[in-house]
Amino acid sequence: MANSEKNRFGHLRAKMGNKPSVYAPPVHFYHCSKCGNLLQAMSFTTKAPVCCDVQMEEIIPHSPDEFDDLTLDYQIIGSFNENAVKFTWSGKDMKEKPVWIWLGTYSGGILRFIRQPYPPVVFGLSGDDAYAYCDKDPCEECRFRCKKGFVAYFFFEGRGLISLPLERSSMKKPKDSDYVSKITGKVTNVDVDLNYVPHRERRRY
């Protein structure tokens, strides 16, 4: 990446120097047994909402491992200024696609109804959600795991809800030489960079 790009601060670029943690309430999904309505609700409580004068049933998501004929995948792209998550799906039925995808992030969530017949689908990020440890594009999925805490929920007709945590790691250790200051946008001496996250702090993630 050219130095001019590293130094550019896009409108969507994360401004904080340290990795955020999830501060939004968790999302819950509910189904009405009478009318079939689906509801996404973000709350720190699990009290079920009411629809058609009855309490809605909470939907417990499946794991992708439960489906041998379906593969869900993601890739973190865009580096600092255009940080995004790209989702793909594939299976025996090439025409099968999710009805919608909900991406839970540090600050909240993004819901996208899927109109296009084929992947990929890209979710653009901003603010804290766009935090990136380094400028690699695409992300090399090192042990720092910039998006740990993100969870994608895919809803398929006939399969239901499937959750995909964005916690994959190649177990590759981040190099100090890869660190780029979120303030200056330049590769810095990590010993004096005020935004540098020490190795002892990295172990928390």
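Tyr 74 stands opposite Phe 87 in strand E7, and that pairing is a handy way into this fold. What you have here is a predicted model: local features need pLDDT of at least 70, side-chain atom pairs count only at pLDDT 80 or more, and totals for chains, interfaces and linings use all residues. Residues are numbered from 1 along each chain as its sequence is written, and side-chain values use heavy atoms, with hydrogens and water left out.

- E6 and E7 are joined by 8 bridges, while 4 bridges join E7 to E10.
- On the E10 side, Lys 86 stands opposite Val 122.
- The hairpin of E6 and E7 has 6 residues between the strands, and Gly 78 there takes a positive phi near 95°.

**The nonpolar cores**

- The largest nonpolar core has 30 residues, and Leu 72, Phe 87, Leu 103, Phe 154 and Leu 166 touch the most other members.
- A core here is a set of buried Ala, Val, Leu, Ile, Met, Phe, Trp, Tyr and Cys residues joined through side-chain atoms within 4.5 Å; buried means under 20% relative accessible area, exposed over 50%, and partly exposed in between (1.4 Å probe, protein chains only).
- Elements giving two or more residues to this core include E6 (70-77), E7 (84-91) and E10 (121-124), and E6 gives the most, with 4 residues.
- Leaving aside neighbours within four places in sequence, Leu 103 is in contact (heavy atoms within 4.5 Å) with residues including Val 85, Phe 87, Phe 123, Phe 150 and Leu 166.
- There's also a second, separate core of 8 residues, and among them are Val 27, Phe 29, Phe 155 and Leu 161.

**Aromatic pairs**

- The count comes to 10 aromatic pairs; rings of Phe, Tyr and Trp (its six-membered ring) pair if their centres lie within 6.5 Å, with planes under 30 degrees apart counted as stacked, over 60 as edge-to-face and the rest as tilted.
- Phe 29 and Tyr 153 make a tilted pair, because their ring centres are 4.9 Å apart and their planes sit at 55°.
- Phe 29 lies in E1 (residues 27-31) and Tyr 153 in E11 (residues 151-156), so this pair ties together parts 124 residues apart in sequence.
- Phe 29 is buried at a relative accessible area of 3%, and Tyr 153 is buried at 14%.
- Trp 100 and Phe 155 are stacked, at 5.4 Å centre to centre and 10° between the planes.
- With Trp 100 in E8 (residues 100-104) and Phe 155 in E11, that pair ties together parts 55 residues apart in sequence.
- Trp 100 and Phe 155 are both buried.
- One aromatic cluster takes in Phe 29, Trp 100, Trp 102, Tyr 153 and Phe 155.

**Charges over rings**

- The charged end of Arg 168 sits over the ring of Tyr 74, 4.2 Å from its centre; the rule asks for NZ of Lys or CZ of Arg within 6 Å of the ring centre and within 35 degrees of the ring normal.
- Arg 13 places its charged end over the ring of Phe 9, 4.1 Å from the ring's centre.

Methods:
Pairing = 2+ DSSP bridges.
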